[in-house]
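Student: Could we go through this structure together? I would like to learn where its labels come from.

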Amino acid sequence: MHTNLTRRTTAITDWLASAHPAPATARGQWTMDGLAMLPTGRAFDTVRISAEIVHAAAQSGDSDAVAAYLAHMVDGPVIHDAYAASVSYYVLVPLGSCSHLNTPDAQRLAPDTTWLGVPAVHRTERPGPYWICPPRRREDYCVPAGVDGVIRLGRRRAAAPQLTGPIRPDLARIARECGRFLDGAPARADTLTLDDATARTLRYRGHLMVLLPALQDAEARLPVDDPSRSRVLLGVTEAHRQLGMDSESDNLSAQYAHAQRLARCCVDTVQLLRRLGEHPAPR
């Protein structure tokens, strides 16, 4: 167990250090200071989100509560810098993603020209910047759709603090996108690349992460003896099962199959929500 942990920590450290033009320099900084300055846009992109937005979305400023919320919503590594001039959270996302974010409260840091203070892998507590959600493996990234969901919900709750409950997902768009993928799956199997399959896996995973709170909210309002309750519980269980599976694979067939399972789960969840009357289908 200790050997496996050491190997995983080494793999994560090597990945993060690869962002630096001289990886040995980054390793030296972690050894001396516990913090290395790394350029964004090389091994990962970074989105800076204000604490106001994150805390409003999580409905808490408690670090444990925020960590649990972010782990569920963005499913990837997040740095908390509580002592900067502007208290912020930094989420690591895949290269090229989240380029639409460019506002004071949520901004993708400019690739190659911005250097980010990245804590050593073991640094998971204050003082100073630390991993509130540490990386779990090499090339571990937050799900872009989940990042967008946190920002949208945080802005909504910050503007109207009395509003609670999960943000309503766009069921029509999710069903349409996932349905098209599933309908064209047989013809696409021979043309999809591993990068395409991985991107789709992350996108459908993000959709499911947004759908799950809506399904859980619907389940909480159902009477105990409602016959629909068992179907909803099965849907929640299946969504958790799919989200619990590793989202990365170097095998095209396995990754493609995973994307299909996630898309199918999204479609089934949309149909279930509509049957419950939570979100009627558009006319």
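**Strand partners and an arginine**

Tutor: Gladly! Let's start with a pair: Ile-79 stands opposite Trp-131 in strand S8. This is a predicted model, where local features need pLDDT of at least 70 and side-chain atom pairs count only at pLDDT 80 or more, while totals for chains, interfaces and linings use all residues. Residues are numbered from 1 along each chain as its sequence is written, and side-chain values use heavy atoms, leaving out hydrogens and water.

Student: What makes S3 and S8 a pair?

Tutor: Two strands pair if DSSP finds at least two bridges between them. Three bridges join S3 (residues 78-81) to S8 (residues 130-133), so they pair, and they run antiparallel. Strands here are DSSP runs of E, at least two residues, numbered from the N terminus.

Student: How many bridges link S3 and S4?

Tutor: Four, again in the antiparallel sense, with S4 covering residues 88-93. There, His-80 stands opposite Tyr-89.

Student: Why is Arg-42 called partly exposed?

Tutor: Buried means under 20% relative accessible area, exposed over 50%, and partly exposed in between (1.4 Å probe, protein chains only). Arg-42 has 41% relative accessibility, so it counts as partly exposed.
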